[in-house]
Amino acid sequence: MDLDFWKQLKAAFEGLEADPAVRGVVFQSTLKKNIFTAGLDIKELHARSTTEARLKEMWLTLTQTLSGIYGSRLATVAAINGACPAGGCVLAMCCDYRIITWEGSMGLNEVALGIPVPRMWCGLMALLCGAHPAQDMLLSASMPGSTDLRQLGLVDEIVEKPGDLMPSALTQLKKWLKFPSQGFVKTKANMRGTFCQRWRDQMEAEAEEVWKAVSDPASVASLDEVLKRLAGAAKPKAKL
């Protein structure tokens, strides 16, 4: 999930949002591995591999995208196959409904890599599962499994196999779309509008916070080690 990814996702979603014929969207990975998304590209957060200007451009782009999905008039479902860490977790949390395969896991694991979880990402998780459970997960960089995620309220449904994801997602969309759209859209705005606006208002400040965090010498050294481990494991792309 690098800068180019967020630019493409932003353009695609804004196109759907602008089409009055579209009322719902399902987010699903086409990766062959059991993974929704591996998260943000570490090289985009590694101060030696990027620049302040690029980091801030990426952060503003991803925040515009995520807040746009969170506050969208569209009904949104995340169909999660397998692991869903970091940036993928936030994307899923922005959706109205989350379905995961039974072997799946999800969480914000930034602390394990020596960098802080961004302020508004913390707030979003706390909204979904409560402040204390969110704090416990964030500080321990945990990636709960599907059953625990369901109990916490971070996912809404568990399916047995990947092939069940899309049918279940469409079933949920149909439950919403059978009603006139104006009631759904306004009620969703009432529920999400305040947090969404605060997220947008703070995006530049958060981008500055993120740059300060990842350019801190201790964070740089921590990500140096992560990249070395990934290179040693012969992984072609370093991911968070």
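Tutor: H1 and H3 are roughly parallel to each other, because their angle of about 30° falls under 35 degrees. This is a predicted model. H1 covers residues 3-18, and H3 covers residues 52-70. Their axes lie 9 Å apart. The crossing of the two helices is left-handed.

On the H1 side, the contact uses Leu-3, Trp-6, Lys-7, Leu-9, Lys-10 and Phe-13. H3 answers with Arg-54, Glu-57, Met-58, Thr-61, Leu-62, Gln-64, Thr-65, Leu-66, Gly-68 and Ile-69. By class, the contact of H1 with H3 splits into 8 nonpolar, 4 polar and 4 charged residues.

Now follow H3 to its next partner, H5. The axes of H3 and H5 come within 13 Å. They cross at roughly 20°. H3 and H5 are therefore roughly parallel to each other. This crossing, too, is left-handed. From H3, the residues that meet H5 are Trp-59, Leu-62, Leu-66 and Tyr-70. From H5, they are Trp-121, Leu-124 and Leu-127. The class count here is 7 nonpolar, no polar and no charged. Leu-62 and Leu-66 are in the H3 contact with H1, and they also meet H5.

H5 has another neighbour, H4, which spans residues 86-93. H4 and H5 pack at an angle of about 50°, and their axes are 11 Å apart. That angle makes the pair oblique, therefore, and not roughly parallel. H4 passes H5 in a left-handed crossing. H4 brings Ala-86, Gly-87, Cys-89, Val-90 and Met-93 to the contact. H5 brings Trp-121, Leu-124, Met-125 and Leu-128. The contact of H4 with H5 has 8 nonpolar residues, 1 polar residue and no charged ones. Trp-121 and Leu-124 of H5 take part here, and both also meet H3.

Two helices each give two or more residues to its lining: H5 (119-129) and H9 (181-201). H9 supplies the largest share, 6 residues. The lining includes Phe-184, Thr-187, Lys-188, Met-191, Arg-192 and Phe-195. Leu-124, Leu-127 and Leu-128 line the pocket as well. Tyr-70, Asp-96 and Trp-176 are also in the lining. By class, the lining residues divide into 8 nonpolar, 1 polar and 3 charged.

Tyr-70 of H3 meets H5 and lines the second largest pocket. Leu-127 of H5 is in the contact with H3 and in the pocket lining. Leu-128 of H5 is in the contact with H4 and lines the pocket. Leu-124 of H5 meets H3, is in the contact with H4, and lines the pocket.

Note on methods. Residues numbered from 1 in each chain as written. Predicted model: local features only at pLDDT ≥ 70, side-chain atom pairs only at ≥ 80, totals over all residues. Heavy atoms only, no water. Axes fitted to C-alpha atoms, helices over the stretch in contact; angles between N-to-C directions. Helix = DSSP H or I, 4+ residues; strand = E, 2+ residues; numbered from the N terminus. Parallel < 35°, antiparallel > 145°, perpendicular 65-115°, else oblique. Left-handed = near helix turned anticlockwise from the far one by under 90°. Contact = heavy atoms within 4.5 Å. Nonpolar A, V, L, I, M, F, W, Y, C, P; charged D, E, K, R; others polar. 1 Å grid on protein atoms, 1.4 Å probe; cavity = no way out; pocket = protein on both sides within 12 Å on 5 of 7 lines; lining within 4 Å.
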